[in-house]
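Subject: Structure handover

Hi there,

Here is the structure I promised to pass on. Please open it next to this email, and my notes on what turned up follow below.

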Amino acid sequence: MKILMITSEVDGIVKTGGLADFSAALPKALIKRRHDVRVIMPLYKQAVLPLPVTHPEVRRKKQTQKSASNVQTNGRKVNHSDRKVKHSDSKDINPSAGLNAYSLYFNLNYSDRYGCLVHHRHLATSMARQKAVPLMLVEHHDFFSRDGIYGDELNSYPDNPLRYAFLCKAALEQCLSQNWIPDIVHCNDWQTALAPYYLKEHYLHHPQFKKTKSLLTIHNGDYQGKTDKKWLDSLGIMPDRFTSELMEEYGRLNLLKCGIMYADAINAVSPGYSQELLAPETSHNLWHYLNKRKDSFTGILNGCDYTLWNPKKDPFIPHHFSSSDMVGKSLCKVALQERMGLAQKHDLPQQQDLPLLGLVSRLTAQKGFDYLIPALERLLYEDAPVQLAILGSGEPDYGSRLHHLQHRYPHKMSFVNGYDNGLSHLIEAGSDFFMMPSLFEPCGLNQFYSLAYGAIPIIRETGGLKDTVVGLDPDHQNVDNATGISFRYPDANSCYQALKQSISLYQENMGLYVEMQKRAMMQKFTWEKSAKEYEILYKALIPPRTKRKKKIS
Ligand code: ADP
Ligand code: GLC
C-alpha cells in the first residue's frame with residue numbers, strides 16, 4: 001500500500017511532543033511490513049536536516065543542471081504571471097534517482113499561487129538504507145523559518161491556518177508532481193486536517209486521486225485549530241461548505257471538525273481516548289461531530305520504539321540494566337541525583353533509600369499541573385521521605401511555580417526548565433516512579449518508557465494511561481497484575497494520596513515494589529502491533545480491486 005503521512009513534526013527533525021515520536025515510529029513499522037510510506041512535514045528553521053544520500057552519478061548530473069534551489073528558495077507567494085517554473089519542470093528531478101530538492105508551485109484557492117522547495121531525505125535510522133523512512137521537507141521561508149514551531153512563547157502564530165493549509169496542499173501536489181499517488185493520506189491533528197477537505201473538494205475530479213482515501217488521527221482533541229472565518233477564502237474553502245454540518249462552529253472555522261467531517265476514517269491514539277471523545281464531558285466538545293462519524297471512528301493504541309528506549313543499550317544513560325540485572329538502575333539513580341543536584345546536599349543520610357519520583361513533560365494544564373503542584377507542595381511541606389526530579393518546558397506560570405518549590409526544598413526537589421532529550425532518558429532510568437497525573441491523555445508515551453525502565457508509573461485513570469497501566473488496588477487486591485499506581489479524580493487530594501501510596505509501597509513493601517517493577521519491565525507495547533491495526537484500517541478504506549472482465553472474442 002502507498003501511504004502518505006502528513007505531519008507537523010517528526011522525531012529526529014523537530015519535536016515538541018509525542019506526535020513527533022508517532023510520525024517517526026509508525027512509518028518505520030509500516031515500512032517493515034512492506035508498505036510504501038512517505039512522510040512529509042515543514043522544513044522549520046529548527047529542523048535537524050538529515051544528510052541527503054546522493055548517488056555520485058546523479059550529483060554530477062545535478063551540477064550541470066540548474067540547481068533546484070536557484071528556483072525559489074524563499075518560496076514566497078508568487079503572482080499569477082510568475083510561471084517560470086511549471087510543474088513539469090519538477091518532474092524530471094526524480095528524488096528516487098538521488099536528487100534531493102525540487103520546486104513546486106500550486107494554488108491554495110482560485111487566485112493565490114505559492115511556491116516552495118521540497119527536499120527529499122531519509123530519516124536517520126539503524127535500519128538498512130532501503131528500509132529507511134523517506135522524508136520530504138517543505139521549505140517556505142516565510143511560513144516555516146521562524147523562531148517558533150507553532151508560535152512564540154505566548155501565542156500561536158495568527159497565520160497558522162494558512163501555514164498548515166499550505167503544508168497540506170504541498171503534500172498533495174508533490175504526489176502529483178512525482179507521480180506517486182498514495183492509497184492513503186494519513187493526517188494528524190488539526191494542522192493537517194484540511195487535507196481530506198482538499199482531496200474531496202479540490203481534487204474530486206482529479207483522475208489520479210480518484211481512489212485515494214484519507215485517515216485523520218486525533219492525537220490531541222483539545223487543539224482544534226479554531227480560527228476566524230476570514231481565512232476561508234485564503235484557504236480555498238468554498239463559502240457554501242462553511243456550514244455547521246461541516247466545519248463552522250459558533251461562527252468560526254474549526255479545522256479539526258473539518259477533518260473529522262471530511263476524512264474517510266478517523267481514529268484516536270488509544271481505545272480509551274476514543275471512548276472519551278464520544279462522551280460530552282470528556283470530548284473537548286467534539287462528541288457531537290464524532291458521534292456523527294461513529295461508524296468510521298476507532299481507537300488504536302500507540303507503541304513504544306524499543307530501539308530508542310531500551311535500558312540495556314540506551315546511549316543516553318551511564319549504566320545499563322535489565323529486569324534480571326538491576327544494578328545499573330541503582331547507579332543511574334545516583335547519576336540522576338548528581339545531575340539534578342539532589343545528591344548529598346544536606347544531612348540526608350541514605351538518599352538511595354528515598355524513592356525518587358521523576359517527571360518529563362510539556363508544562364501545560366493537560367498534564368495535570370493544576371493539582372500536581374499543590375499535591376507536591378503538601379508532600380514537601382510535610383517533609384515526606386521523597387525526592388523529585390522534574391524536567392519540563394512550556395507555560396511560564398507552571399515553570400515559576402516549580403522553581404519556587406525547588407527553592408524552598410532544594411534537597412528534595414529539582415526542576416530543570418527546558419527540553420532535554422538526554423536528560424529525559426536519565427530521568428526514566430534513574431527514577432523509582434514516574435509521575436503522569438494527566439488531566440487527559442490521548443495516549444501518552446512516557447508511561448511506556450517508564451514501564452520499560454522500571455520507573456513505576458503514577459497515573460491518573462484517563463485515556464491511554466488507563467489502557468496501558470494497571471493501578472495497584474489500595475487494598476492490594478490485584479498484586480498479581482498491577483504495574484503502576486493510579487488515581488481517579490483530577491484533584492490535589494487524590495493526586496497526593498497516590499503519591500503517598502507510592503512512597504509507602506517503596507518504603508514499607510519493597511518486595512511488592514520489586515515484583516511490580518519486574519512486571520512493568522516485561523510489558524510490551526510495540527509499534528508493530530499498532531502498525532498491524534493501522535494496516536487493517538487502511539485496507540478497509542481501499543475499495544476492492546474490480547476484476548477485469550475477460551474479453552470474449
Ligand atoms: P505529549 O505529546 O502530550 O507531550 P507524550 O507522552 O505522548 O505527551 O509524548 C511526549 C514526548 O515528548 C515524550 O517522548 C517525552 O519524553 C518528550 N518530552 C516532553 N517534554 C520533554 C522535555 N522537556 N524534554 C525532553 N523530552 C520531552
Ligand atoms: C499527543 C497526546 C499524547 C499522545 C501523543 C502521540 O501529543 O497528548 O497523549 O501520546 O499525541 O500520539
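Before the sheets, one term: two strands count as paired if DSSP finds at least two bridges between them. Please also keep in mind that this is a predicted model.

Three strands make an open sheet in the order β9-β11-β10, and their pairing is antiparallel. At the edges sit β9 (226-227) and β10 (248-249), each of which pairs on one side only. Two bridges link β9 with β11 (residues 252-254) in the antiparallel sense, and Thr-227 has Leu-253 as its bridge partner in β11. Lying across β10 and β11 is helix α9 (residues 255-262), which runs at about 55° to β11.

Next comes an open sheet of six strands, with parallel pairing and the order β16-β15-β14-β17-β18-β19. Its edge strands, β16 (413-417) and β19 (485-487), each pair on one side only. On average, neighbouring strands here are turned by 15° against each other, direction ignored. Helix α14 (residues 396-408) packs on this sheet and touches β14, β15 (387-394) and β16; the direction of α14 makes about 150° with that of β16. Within the sheet, β14 (residues 356-363) and β17 (residues 433-436) run parallel and are joined by two bridges. Gly-358 has Phe-434 as its bridge partner in β17.

Now to a pair of helices. α1 packs against α20 (residues 527-541) at an angle of about 75°, and their axes are 9 Å apart. Since angles of 65 to 115 degrees count as roughly perpendicular, α1 is therefore roughly perpendicular to α20. On the α1 side the contact includes Phe-22, Leu-26 and Leu-30, and on the α20 side Trp-527, Tyr-534 and Tyr-538 are among the residues involved. Sorted by class, the contact between α1 and α20 holds nine nonpolar, one polar and two charged residues.

Helix α1 turns up again in a pocket, which may interest you. Which helix gives the most to the lining of the second largest pocket? That is α1 (residues 18-32), with four residues. The volume of this second largest pocket is about 510 Å³. Its lining has 27 residues, and Asp-11, Gly-12, Ala-24, Ala-124 and Leu-308 lie nearest the centre. By class, the lining splits into 16 nonpolar, six polar and five charged residues.

Happy browsing, and do write back with any questions.

Best wishes

Notes: Residues numbered from 1 in each chain as written. Chains lettered and ligands numbered in written order. Predicted model: local features only at pLDDT ≥ 70, side-chain atom pairs only at ≥ 80, totals over all residues. Heavy atoms only, no water. Axes fitted to C-alpha atoms, helices over the stretch in contact; angles between N-to-C directions. Contact = heavy atoms within 4.5 Å. 1 Å grid on protein atoms, 1.4 Å probe; cavity = no way out; pocket = protein on both sides within 12 Å on 5 of 7 lines; lining within 4 Å. Points joined across faces, edges and corners; volume = space filled by probe spheres on them. Nonpolar A, V, L, I, M, F, W, Y, C, P; charged D, E, K, R; others polar. Parallel < 35°, antiparallel > 145°, perpendicular 65-115°, else oblique.
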